[in-house]
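Hi,

Here is the model I promised to pass on.

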Amino acid sequence: MNKSFAEMLNHFDLGIDVAPYGNGHINDTYLVGVPGQFIVQRINKVVFPHPEYVMDNIMGVTEFLRKKIIEAGGNPDRETLTFIKTKDGKPYYIDENGDYFRVYKYVDNAVSYTVVEKPEQLYSAAKAFGKFQNMLADYPAHTLHETIVNFHNTKDRYRQFKEAVANDAAGRGKDVQDEIKFVLDREGDAGIVVDAIAEGKIPLRVTHNDTKLNNVLLDPVTGEGVCVIDLDTVMPGSLLYDYGDALRFGGSSGAEDEKDLSKIWFDVEKFESFTRGFIEELPSITDEELALLPFSIKLMTLECGLRFLADYLNGDVYFKTHYADHNLVRCRTQFKLVAEIEEKMDELNAMVKKIANR
Ligand code: ADP
Ligand code: GN1
Ligand code: MG
């Protein structure tokens, strides 16, 4: 975590505290003010080459959601992100280095979990992500920028992965041959969803695309979903990306960076809770999408694992890391989960049929 901004501000007698906050892998996030007042973020320019596109998308989406939440009698300051404008009325500030800063209202009395404690939390998270997708179903998709091109195009992720293996920029390739083989052995899976979208077999929808559990805030008392956050990658995509990525993270028995792989398995109870909540909220799910639900978890987990491994090979230039092998540790949990999901695939497919009753 880049602490320079917080350290710099804390030299002033502002009467407010600034501290790095959260467990995001991408942006620099700070809690500013009395606990619970503001969230300040510096947008990661390596990941988002056009921060103005990111801001344009989020402003459009939050404004749209705000209206719908008010119509439904909800509280928009709690149920979606709210920007605090600069003194001259702008939605973000660009500093002398060209860095983009944005300020959100802190959503109070809401928790983001790094590891799921109870299957019911997954049910709530699924409902929140499902509702989010429903509310955006009539959003003008053509107005959204592609903030990261080919974000969930797994075929393109394989291309980038092979480039990272060939370049071996950090000289780490020789130590991770088993992990590289694990990825290459599964290249046949890469096209299944992108090709189905291209052939019109599954629909494009407006999706969140980064549905890990700490991107939804839950009420610590009722356990219910409060607010879907981290809207940097809201773009046209597949429902399968949101479903698969949420269970990649939330269906695991442990943390994404657990070093002891004997503690990592794919938890079928969590899978059942999430699937139930998601299908309940999204009755528009097609038979083709339903049939691919379990596969999408494997695909999103494989994709995320190969992205961690590619970043390890590239010298840790994309994801924030807290120690030398962090990306390697992360990719190993993902590959353990992929192997687990492969073993349980028939069981998971049968469970989806039963839950959906189709
Ligand atoms: P990243 O893209 O780096 O993952 P996020 O936007 O997800 O950044 O923010 C990182 C973390 O900060 C979140 O997981 C959440 O815990 C916390 N957070 C972000 N925005 C808010 C907010 N408006 N209110 C409360 N917590 C927030
Ligand atoms: C990143 O931003 P964050 O930490 O919520 C990443 C996701 C990965 C995830 C893995 C924009 O999510 O795609 O699945 O890490 N976000 C981006 O934990 O690349
Ligand atoms: Mg996040």
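Glu256 puts a polar side-chain atom 2.6 Å from an oxygen atom of ligand 2, a polar contact in the sense of two N or O atoms within 3.5 Å (within protein, one has to be able to donate a hydrogen and the other to accept it, and residues adjacent in sequence count only if both atoms are side-chain atoms). Before going further: this is a predicted model, so local features need pLDDT of at least 70 and side-chain atom pairs pLDDT 80 or more, while totals for chains, interfaces and linings use all residues. Residues are numbered from 1 along each chain as its sequence is written, chains are lettered from A and ligands numbered from 1 in the order in which they are written, and side-chain values use heavy atoms, with hydrogens and water left out.

Back to Glu256. You'll find Glu256 in the loop between H8 and helix H9 (268-281); helices are DSSP runs of H or I with at least four residues, strands are E runs of at least two, and both are numbered from the N terminus. Glu256 counts as buried because its relative accessibility is 9%, where buried means under 20% relative accessible area, exposed over 50% and partly exposed in between (1.4 Å probe, protein chains only). The Glu256 side chain also makes a polar contact with the side chain of Arg248, at 2.8 Å.

What else is around ligand 2? The shell has 19 residues, and His25, Lys212, Glu256, Arg307 and Tyr318 are the closest; a residue is in if one of its heavy atoms lies within 4 Å. A polar backbone atom of His25 is 2.8 Å from an oxygen atom of ligand 2, and an N or O atom in the Lys212 side chain is 2.7 Å from an oxygen atom of ligand 2. On its own ligand 2 exposes 440 Å², of which the protein buries 98% (Shrake-Rupley areas, 1.4 Å probe; for residues, only the protein chains shown count as cover). Helix H8 (239-250) and helix H10 (287-314) each supply at least two residues of this shell, with H10 giving the largest share, three residues.

Now ligand 1. It also has 19 residues around it, and Asn27, Gln41, Val107, Ser112 and Asn214 come nearest. Val107 has a backbone N or O atom 2.9 Å from a nitrogen atom of ligand 1, and Ser112 has a polar side-chain atom 2.8 Å from an oxygen atom of ligand 1. A polar side-chain atom of Asp230 is 2.9 Å from an oxygen atom of ligand 1. Strand S3 (38-42) and strand S5 (100-105) each put at least two residues into the shell around ligand 1.

Asp230 turns up again at the metal: the magnesium ion (ligand 3) is coordinated by Asn215 (OD1) and Asp230 (OD), at 2.1 to 2.3 Å. Donors here are N, O and S atoms within 2.8 Å of the metal (3.2 Å for Na, K and Ca), and water is not among the atoms, so the site may look incomplete. Asn215 is in the loop between strand S6 (205-207) and strand S7 (216-218), and Asp230 is 15 residues away in the loop between strand S8 (225-228) and strand S9 (235-237). Asn215 is buried, at 5% relative accessible area, whereas Asp230 is partly exposed at 24%.

Cheers
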